[in-house]
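Me: Hey, I've got a protein open on my screen and I'd like to talk it through with you. Can we go residue by residue?

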Amino acid sequence: KVCPTLCLDSLVLQVHKFLHQDLTYFFCSDCDFIFGLPSKLKRHYFLSHEKILDSELEHVVDLESRVDITLKIQEHLTNSDLGKVEVVDNFLEASLDAKLILDEISMDEEVEKIPLHVLGQLLNQYLKVENRNGLKI
């Protein structure tokens, strides 16, 4: 996939690249914070707004909003807007959390493709290496 976006700043480019990943963000409807993990959204609601969130499904950020948020973050970075450090930090933390979840799902899918006998062989090899290093098994 070719993207025509041109970024003169490497950090802005890294932020832009988040748009090309299938990341899921969750938004707080009471403030401007976003989260990459549903558990962090629920914890935020409870601690910051003294509310209990029943379901995070109604708080998923749609693609149009993701684009808008990302453009705002890129603008804050380009302008070195010190007043927006908390907003940028929130976005980066949410993005890293969402990326970790996406990577974990991808790894799980890859492991599921490995035949059980191959997994067994890998486990046996690993256990033999651990045992040779004097570690208890």
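Predicted model: local features only at pLDDT ≥ 70, side-chain atom pairs only at ≥ 80, totals over all residues.

Me: Is Ser-95 buried or exposed?

Reply: Buried. Its relative accessible area is 0%, and the cut-off for buried is under 20%.

Me: OK, new one. Where is His-76 found?

Reply: His-76 is in helix 3, residues 63-78.

Me: What does His-76 touch, not counting residues up to four places away in sequence?

Reply: Asp-81, Lys-84, Val-87 and Val-88 are the residues His-76 touches. With a relative accessibility of 15%, His-76 counts as buried.

Me: Let's do helix 1. Which residues of helix 1 are buried?

Reply: Helix 1 runs over residues 10-17, and its buried residues are Val-12, Val-15 and His-16.

Me: Why are they on the same side of helix 1?

Reply: Because they cover an arc of only 100° around the axis, and that puts them on the same side of helix 1.

Me: What covers the buried residues of helix 1?

Reply: The cover includes helix 3 and helix 4.

Me: Switching to charges. How many salt bridges does the count come to?

Reply: The count is six salt bridges. One of them joins the side chains of Glu-93 and Lys-40, at 2.9 Å from N to O.

Me: What does the Glu-93 and Lys-40 pair tie together?

Reply: Glu-93 is in helix 4 and Lys-40 is in helix 2, so the pair ties together parts that are 53 residues apart in sequence.

Me: How does the accessibility look for Glu-93 and for Lys-40?

Reply: Glu-93 is partly exposed at 39% relative accessibility. Lys-40 is partly exposed too, at 22%.

Me: Which residues are linked in a network of salt bridges?

Reply: That would be Lys-40, Glu-93 and Asp-97.

Me: What about Glu-56 and Lys-42, how do their side chains meet?

Reply: They meet in a salt bridge, with 3.2 Å from N to O. Glu-56 lies in the loop between helix 2 and helix 3, and Lys-42 in helix 2, so this pair ties together parts that are 14 residues apart in sequence.

Me: Is Glu-56 buried or exposed?

Reply: Glu-56 counts as buried, at 17% relative accessibility.

Me: Good. Is Lys-113 buried or exposed?

Reply: Lys-113 counts as exposed, at 61% relative accessibility, while Glu-110 counts as partly exposed at 48%.

Me: Now cysteines. How many disulfides does the count come to?

Reply: Zero disulfides. Take Cys-28: the nearest cysteine sulfur, that of Cys-31, is 3.4 Å away, and Cys-28 is in no disulfide. The cut-off for a disulfide is sulfur atoms within 2.5 Å.

Me: Is Cys-28 buried or exposed?

Reply: Cys-28 is buried, with a relative accessible area of 4%. Cys-3 is partly exposed, at 30%.

Me: What about the surface? Which residues make the nonpolar surface patch of about 370 Å²?

Reply: Phe-46, Leu-47 and Ile-52 make that patch. Ile-52 lies in the loop between helix 2 (38-49) and helix 3, and Ile-52 is exposed, with a relative accessible area of 68%.

Me: Last one. What separates the C-alpha atoms of Leu-71 and Leu-119?

Reply: A distance of 44 Å, and the two residues are 48 residues apart along the chain. Leu-71 sits in helix 3 and is partly exposed, with a relative accessible area of 46%.

Key
Residues numbered from 1 in each chain as written. Heavy atoms only, no water. Buried < 20%, exposed > 50% of the residue type's maximum accessible area, 1.4 Å probe, protein only. Helix = DSSP H or I, 4+ residues; strand = E, 2+ residues; numbered from the N terminus. Contact = heavy atoms within 4.5 Å. Patch = residues over 30% accessible without salt bridge, like charges linked within 9 Å, V, L, I, M, F, W, Y side chains within 5 Å. Areas by Shrake-Rupley, 256 points an atom, 1.4 Å probe, with all protein chains shown as cover. Salt bridge = Lys/Arg side-chain N within 4 Å of Asp/Glu carboxyl O. Arc of directions from axis to C-beta.
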